[in-house]
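Below are some notes for a colleague who has the sequence and the coordinates to hand. They are set out as numbered points, to be read alongside the structure.

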Amino acid sequence: MGLLKILIVFLVAIPVLSLIIQYLIKTNRIKPSKVSMLFHDDDETFIKSWKKVKEKGILRYTIKIVICYTIMMGIMGIVFILNKLSMYGYEQSQTVLVTLIMGAIFGLINPLIGWVINSDRYSKLKNVKC
């Protein structure tokens, strides 16, 4: 199996596994464990962690995610070069630059959407708790 196929399977498997574990926990079919917590936050843990993130602000949250995505995509670009693959029709010498740019773009999009979703979840959970 090619490296790209493995990467695609990996990128699809994690969200699917996360949704399955979340469903099983909410329907009380399994109890939360340390392994399942890697894929799903319980409400109390989420409230505590999101409160800290909100206090630090959206700029810090965004910068942290942009750096993480850029590093991950840079590593992926290096793996492509080591395996002598070109990416999306770009020359092999441009691969790392393209992956770094893609990492920065995805890193900007993700926290903006995530901030809205997590803030909404936080406010709903806080209203339920009160």
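1. Lys64 is exposed, since its relative accessible area of 59% lies over the 50% cut-off. This lysine sits in helix H3, and the model it is taken from is a predicted one, which should be kept in mind for each value that follows. Although Lys64 and Gly107 are 43 residues apart in sequence, their C-alpha atoms are 8.8 Å apart in space.

2. As for the overall make-up, the protein chain contains 4 helices and 0 strands, and its elements run α-α-α-α when read from the N terminus. The chain has 130 residues, of which 25% count as buried. Its accessible surface comes to about 9,600 Å², and carbon and sulfur atoms account for 69% of that surface.

3. Which residues make up the largest nonpolar core? There are 8 of them, namely Phe46, Ile47, Trp50, Tyr61, Ile65, Trp115, Tyr122 and Leu125. Helix H2 (43-56), helix H3 (58-82) and helix H4 (95-129) are the elements that each give two or more residues to this core. Apart from it lies another core, of 5 residues, which includes Met73, Met76, Phe80 and Met102. In soluble globular proteins, nonpolar side chains tend to be buried together.

4. Leu125, one of the residues of the largest core, touches Asp43, Phe46 and Ile47 when residues up to four places away in sequence are not counted.

5. Is Ser119 buried or exposed? Ser119, which is found in helix H4, is buried, because its relative accessible area of 16% falls under the 20% cut-off. A polar atom of the Ser119 side chain lies 2.8 Å from the backbone oxygen of Trp115, and Trp115 is itself listed in the largest nonpolar core.

6. A search of the whole structure finds 1 salt bridge. Lys124 forms a salt bridge with Asp120, and the closest N and O atoms of the two are 3.4 Å apart. Because Lys124 and Asp120 are 4 residues apart in helix H4, about one helical turn separates them. Lys124 is exposed, with a relative accessible area of 52%, whereas Asp120 is partly exposed, with a relative accessible area of 37%.

Note on methods. Residues are numbered from 1 along each chain as its sequence is written. This is a predicted model: local features need pLDDT of at least 70, side-chain atom pairs count only at pLDDT 80 or more; totals for chains, interfaces and linings use all residues. Side-chain values use heavy atoms; hydrogens and water are left out. A nonpolar core is a set of buried Ala, Val, Leu, Ile, Met, Phe, Trp, Tyr and Cys residues joined through side-chain atoms within 4.5 Å. Buried means under 20% relative accessible area, exposed over 50%, partly exposed in between (1.4 Å probe, protein chains only). Contact means heavy atoms within 4.5 Å. A polar contact is a pair of N or O atoms within 3.5 Å; within protein, one must be able to donate a hydrogen and the other to accept it, and residues adjacent in sequence count only if both atoms are side-chain atoms. A salt bridge is a side-chain nitrogen of Lys or Arg within 4 Å of a carboxyl oxygen of Asp or Glu. Accessible areas come from the Shrake-Rupley method with a 1.4 Å probe; for residues, only the protein chains shown count as cover.
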